[in-house]
Amino acid sequence: MQLKNFKRESIIPLPVTFISTLSPEGVRNVAPYSCLMPILRPFDLICVATAGVMRDTFDNMKAREEFVISLPGMDLAGSVMPTAKFVPPEVNEYELAGLEEKPSQEIETPGVDGCYAWMECKLHKIVTEEYDNFPYALVVGKVVHLEVRDDIYNRENGSWDVEKAQPLMMTESNQGMHFCTVKDMDWFEPYGAMFPNGKDPLSGMYED
């Protein structure tokens with residue numbers, strides 16, 4: 001079956017995240033984002049795409065030059081849409097969605113409590129563009145503090161329990177968003193398998 005070219009999210013499952021920011025006046029803002037990706041394995045950079053650059057989150061990212069990406073489990077699915085609604089900038093969206101703050105370690109902006117992982121980010125670069133006269137921006141953040149719940153993370157091999165975390169994901173349809181999660185296949189392949197000598201040149205990065 002052939003689909004319209006823009007319907008990529010109908011076949012690509014995306015992570016559901018909360019991005020929290022602070023306004024210049026200190027108002028707390030939370031919004032759900034799914035269009036984000038890490039930039040290459042050796043880097044501590046992550047890229048967020050935002051449609052229409054006149055959003056409170058985008059304005060706060062530029063003004064404060066910091067933000068937190070919080071990764072929720074399925075138990076927080078009910079808090080996604082309350083944070084997605086367009087409300088005046090002075091509205092505290094933590095209160096609107098019934099979310100609690102999680103104090104950050106390296107930046108002033110708090111994360112969202114009750115999630116399974118958090119990325120505290122400093123602004124690295126913003127690229128603004130237009131496509132068919134529609135403005136969008138790519139926001140690149142440098143992760144300055146990465147944290148995960150102790151009960152889902154394996155310190156010995158750096159893996160994590162997706163069955164326990166139940167990361168909130170979504171796929172799109174003509175009617176809206178379908179929430180889902182991921183399932184562990186219990187299948188492992190080392191990075192070294194990609195290289196002719198069987199050795200991962202970045203293996204030293206994972207040593208404590």
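I looked up Arg 8 and found that, at 47% relative accessibility, this residue counts as partly exposed, where buried stands for under 20% relative accessible area, exposed for over 50% and partly exposed for what lies in between (1.4 Å probe, protein chains only). I note that this is a predicted model, in which local features need pLDDT of at least 70 and side-chain atom pairs count only at pLDDT 80 or more, while totals for chains, interfaces and linings use all residues. Residues are numbered from 1 along each chain as its sequence is written, and side-chain values use heavy atoms, with hydrogens and water left out.

**Salt bridges**

I took a salt bridge to be a side-chain nitrogen of Lys or Arg within 4 Å of a carboxyl oxygen of Asp or Glu, and by this rule I have 10 salt bridges in my notes. Arg 8 pairs with Glu 9 in one of them, with 3.5 Å between the closest N and O atoms; Glu 9 is buried, at a relative accessible area of 14%.

I then turned to Arg 64 and Glu 108, whose salt bridge has its closest N and O atoms 3.0 Å apart. Arg 64 lies in helix H1 (residues 56–64) and Glu 108 in the loop between strand E7 (101–102) and strand E8 (111–112), so the pair ties together parts that are 44 residues apart in sequence. The helices (H or I, at least four residues) and strands (E, at least two) I cite are DSSP runs, numbered from the N terminus. Arg 64 is partly exposed at 24% relative accessibility, and Glu 108 is exposed, with a relative accessible area of 54%.

My next pair was Glu 147 and Lys 102, which form a salt bridge with the closest N and O atoms 3.1 Å apart. This pair links distant parts of the chain, since Glu 147 is in strand E10 and Lys 102 in strand E7, 45 residues apart. Glu 147 counts as partly exposed at 24% relative accessibility, whereas Lys 102 is buried, with a relative accessible area of 13%. I also noted that Arg 149, Asp 151 and Lys 164 are joined into one network by salt bridges that share partners.

**Pockets**

For open space I used a 1 Å grid over the protein atoms alone: a pocket is an open set of points with protein on both sides within 12 Å along at least five of seven lines, a cavity is a set where a 1.4 Å probe fits but cannot get out, and lining residues have an atom within 4 Å of a point. Points are joined across faces, edges and corners, and a volume is the space filled by probe spheres set on them.

I read a volume of about 2300 Å³ for the largest pocket. Its lining comprises 49 residues, and those nearest the centre are Leu 146, Gly 158, Trp 160, Tyr 191 and Tyr 206. At least two lining residues each come from strand E4 (36–38), strand E5 (45–51), strand E9 (117–131) and strand E10 (134–148), and E10 gives the largest share, with four residues.

**Cavity**

My search of the whole structure gave one cavity of 30 Å³ or more, and the largest cavity has a volume of about 30 Å³. I list Val 68, Lys 102, Pro 103, Ser 104, Gly 111, Trp 118 and Glu 120 as its lining, with three nonpolar, two polar and two charged residues by class.

**Single residues**

I checked two residues other than glycine with positive phi. Asp 132 has phi near 55 degrees, sits in the loop between E9 and E10 and is exposed, at 66% relative accessible area. Gln 166 has phi near 50 degrees, lies in the loop between helix H4 (162–165) and E11 and is partly exposed, at 38%.

Last, I looked at Thr 50, which is placed in strand E5 and is buried at 4% relative accessibility. The C-alpha atom of Thr 50 is 18 Å from that of Val 143, which is 93 residues away along the chain.

Terms used
Nonpolar A, V, L, I, M, F, W, Y, C, P; charged D, E, K, R; others polar.
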